[in-house]
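Please open the model in your viewer and keep the selection panel at hand. The stops below follow one after another, each with something to select and something to look at.

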Amino acid sequence: MSFFRRRIIFYLITAWAAVTINFLIPRLMPGDPVTALIARNQGRIDSDAEQSLRVLFGLDSNQSFLEQYIDYWGLLFRGDLGLSFTFFPTPVSDIVWQSLPWTVGLVGIATVIAFVLGTLVGTAIGWRRGTWADGLLPISTFFSAVPYFWLGLIAITVFAVQLGWFPSNGSYDRSLLPSFDLEFLGSVLYYGFLPALTVVLASIAGWILGMRNMMVTVSSEDYVTVAQAKGLPERKVMFGYAARNAILPQISSFALSLGFIVGGTLIMEMVFSYQGIGYVLYQAVNTHDYPLMQGVFLVITLSVLVANILADFVYAALDPRTRQEG
Amino acid sequence: MTADVTVLQDDPDDAPDESVDETAATKAGHRFLFLRNTKAMIGFGILVFFGILAVIGPFIAPYDPSAVSRDILQPPSAAHWLGTTHTGQDVLSQIIIGTRGVLVVGLIAGLGATVVGVLVGVTAGYLGGVGDEVLSGLSNIFLVIPQLPLIIIIAGQVPSAGGVTVALVIAATGWAWGARVLRAQTLSLRRRDFVEAARASGESTPRIIVAEILPNLTAIIAAGFVGTVIFAVLSQVTLAFIGVTPVSDWNWGTVLFWAQNQLALQRGAWWWFVPAGLCIALLGMGLTLINFGIDEFINPRLRSTGLHARSLRKRRIRPRIGFTPVVRTAETTPVHRPPAEEQPAEPRPAEQNAIEEIRR
Amino acid sequence: MSASTTSGTGRHADAAVREPVLEIKNLSVDYGFGQDPTHVLRQVSLTLNRGEVLGLAGESGCGKSTLAYAATRLLPPPGLITGGEVVLTDRSGERRDILTMSDAQLRASRWQDVAIVFQGAMNSLNPVFRIGRQIADAIAAHTPGIRKKQALDRAAELLDMVGISPDRLSAFPHQLSGGMRQRVMIAMALALEPQVLIMDEPTTALDVVMQRQIVEQIAELRERLGFSVVFITHDVSLLIEIADRIAIMYAGEIVEDAAAQDVYRRPRHPYSRGLLRSFPPLRGPRRELTGIAGSPPDLRLLPTGCTFTPRCGFSTPECSRIHPELGPTAFAGAEPDRRVACILHGDVGTLPPELAER
Ligand SMILES: Nc1ncnc2c1ncn2[C@@H]1O[C@H](COP(=O)(O)OP(=O)(O)OP(=O)(O)O)[C@@H](O)[C@H]1O
Ligand SMILES: [Mg+2]
């Protein structure tokens, strides 16, 4: 089986598993919070929406498990994730679609920046072992152990409250109308800077340490010594031979840690009240809005899956060995 | 979770062989040799400190952490070393009392996840075939699904999710990383001579696993355990911070929850949220350092000359690939001096290294 | 190509003026940067002449690779050169010590003057680059202003030279067999027509047929291009076929250094004799294979005196006291080019007849 076929099958199975977990969780939980919610909003929910909620949370006890499961998939294919109670009566899918771009913009860009920068710094530290650069290691270790959200709190205290350089919450100036003009985009950048900076600071250390270790491991491979023996310029040996190979495991661990990083960065949105999907999740949790929670989780999981697929493409592009059959 | 990245190879099938050599060669007495490593020692020290705090915390805490007082939002003082909250509660006491909750959840979750990880990973690696496909597929799925959101929605739907519940949820979702690494190691151990020999001599599978394979996985299991504890501590604190778990159970996350909700940031009450975060970071760092020690124990290439970096620099040795340092020691100075015209015009290499160092 | 033609390919070089290309003098190497390093090489001296094939033989772990890598300053950490000189005479006749060169000088000299084929060339190729690119980048690094196309054309020529079809230029290393990778490495080593080619066990990982092919190919290329070769191997009988001169190493020291035929017919050091007797003879009557009793010493705990004493059949009480220096044999007048490190060739004791064949 080719690399890609294997991966595609894997992702299909994972997507199926995520959906199934989402289906099972409310059914396995003790108690039935949603019936109460529906009852409270009696008369305000139209019958279609109520039926969706019943399917999503398994309230129709006269249906068999399998029937519920099939109906559930049916809803998903129609893009129906039920109604949100917090933002009553907005459909969950609408809320998710509005907040997802903000998250992709903030978390996505910041994560990629952290990965690229961290990998570069890790390359340099791993290559020059035994120099002052090793001094960066303890600092990185400390940062890799700091919880993301706490770093956010510190950043807000210092840069927003004390210095007043950046706003402490929100994602753009509320006095502006969202549009694609310069003023609005500038405001988005201004509001996004501090959260992005914290995401970068919080996650970069892991990349530095990982890449440093891979560089050290790869540097003792024969082909690196051969490259030196050939008298290639230092930069060519460092990037073309050592880093070029060290980055492969770094990318696979990027894919594997994505779930972890995304989890951490979503909390960052909560700290900054940034209107992304993490903040929506926060609101949903605090108001016990179960349909919204479920919908957000599903979308987060599927997004991470997509990011994983992208990482796989990059990996395959960088490693000729995966492109082969077998 | 970043500490164990290095154990992981891009392809689980070509597990790092030298690591197995190392572990296979390990004698029982040397198994915890990594504790001799300075990094591991420091990490262990930090862990022991918090461990003691968790045990004796209730006896040494100066105040009841929930008791309100008139000293509202006081900065650190002799009476309140770490200041007070908006209701006059003592922050130091909250942190001391909160230590136990953090450690207990971390350890339970770590243990639970490790047990599941060992079961799944070793079984998958040892069985091979369809069983392996299914089990490693399962752990890969759990790796891809973002754990924290999963934990949040599960914990958010369990009525009154206390410490143990949270620990179990973390364990149930966080075992996959360890399982993956263990599977890779088991796979390569299985092909080793001593395992083949045991199999040939008709030993039963469980016996081979317990007597031959598990002892050689000790270091990796330990690394996985420590990694999971780090993750569990962070997750639990995060859950408390966003208010998913009961806000009346004291742990460091709860302290931060109140600080955030009562606008400690806007009021400039840094003493309220800085110490709790530092404690988390310190504990996390201690655990990470232990993992570094284990990592270097597993993968000798990482064993940095860094420990002696300063002494090396003093001797002007710069370990580099492809440019072996030349340091002429007195005893090995060439007996036969080269003729005068062959004397190199450039400075001797030692000085030269020094010059290069300065240029940088 | 038969053994008789390959052997002695460089012998005519002997007749010409002996001009040294690479002189290793008193090279000392430690492993370990700490307080208690292992002294792996101790004051090793060895000269390679222009156009010569020098064989380096000795049991596993005696320091052959260490010598080769230290002389080129490619020894990885924790290797440390603690003394000596490695004087390289380049084409213009200028003599320079590799150990005192700056990084830039060393980089410029590498591969132009000395190229090296590593032990176990399996991992010598970067797995993510096409082999054409890997050969071409060596060329480009030393030929300023060369076009990529030209470098690749040259790479194709080189591949052709070692018997690999030029359309393999775009193959990745994992698509080649072990023997092909080995030959790619040889092609790469010859890319800049170096004066010295060091080959560390270039054939050990290969089957016998492939070994033969590669050895013959090297001999033929050497004939054509006229470089000098340092050929490292365990296989003394192979060396006797292809080398002009052989140096025998034991526990980090050279114990005998002489013309290949002399070593083969009239070994002067007990260790050389033992080593030769552990391989079947090339021609003539079969004799019993005896080998050498015991195993090489631990380099961290070397005995005083001669390191070979515990395993030596001819040892005298003095042997474990006096450390022998590499010097002339007992027949210095008759064989001026031979050197041996054994006190029996000096004033001490009597030379046993086995070491005195004429
Ligand atoms: N990193 C190291 N640290 C300490 N000792 C080392 C190290 N690398 C090699 N040695 C020791 O140096 C000695 C010489 O090794 P070297 O690789 O040069 O041997 P060799 O003659 O090339 O052997 P082989 O024929 O097996 O290739 C060996 O005894 C080995 O144990
Ligand atoms: Mg060798």
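Begin by colouring chain C by domain, with domain 1 covering 1-20 + 48-62 + 199-358 and domain 2 covering 122-193; these bounds come from an automatic or database domain assignment. This is a predicted model, in which local features need pLDDT of at least 70 and side-chain atom pairs count only at pLDDT 80 or more, while totals for chains, interfaces and linings use all residues. Residues are numbered from 1 along each chain as its sequence is written, chains are lettered from A and ligands numbered from 1 in the order in which they are written, and side-chain values use heavy atoms, with hydrogens and water left out.

Next, display the boundary between the two domains of chain C, where 11 residues of domain 1 are in contact with 10 residues of domain 2 (contact means heavy atoms within 4.5 Å). Together the two domains bury about 910 Å², 73% of it on carbon and sulfur atoms; buried area is the accessible area, taken with a 1.4 Å probe, that two parts lose on being put together, summed over both. On the domain 1 side, select C:Gln217, C:Leu221 and C:Leu225, which lose the most area to domain 2 and together account for 40% of what that side buries.

Now move to ligand 1 and show the 14 residues around it, of which C:Ser60, C:Lys64, C:Ser65, C:Thr66 and C:His234 come nearest (a residue is near if one of its heavy atoms lies within 4 Å). Helix H3 of chain C (residues 64-71) gives the largest share of this shell, 3 residues; helices are DSSP runs of H or I with at least four residues, strands are runs of E with at least two, and both are numbered from the N terminus.

Taken alone, ligand 1 exposes 630 Å², and the protein buries 65% of that, with areas computed by the Shrake-Rupley method.

Two backbone details in chain C come next. C:Pro77 and C:Pro78 are joined by a cis peptide bond with omega of about 5°, and C:Pro78 lies in the loop between H3 and strand S4 (79-89). C:Trp111 is not a glycine, yet has a positive phi of about 70°; select the loop between helix H4 (103-109) and strand S6 (114-117) to find C:Trp111.

Finally, switch to chain A, which has 12 helices and 0 strands and whose C-alpha trace spans about 80 × 55 × 40 Å along its principal axes.

Terms used: Areas by Shrake-Rupley, 256 points an atom, 1.4 Å probe, with all protein chains shown as cover.
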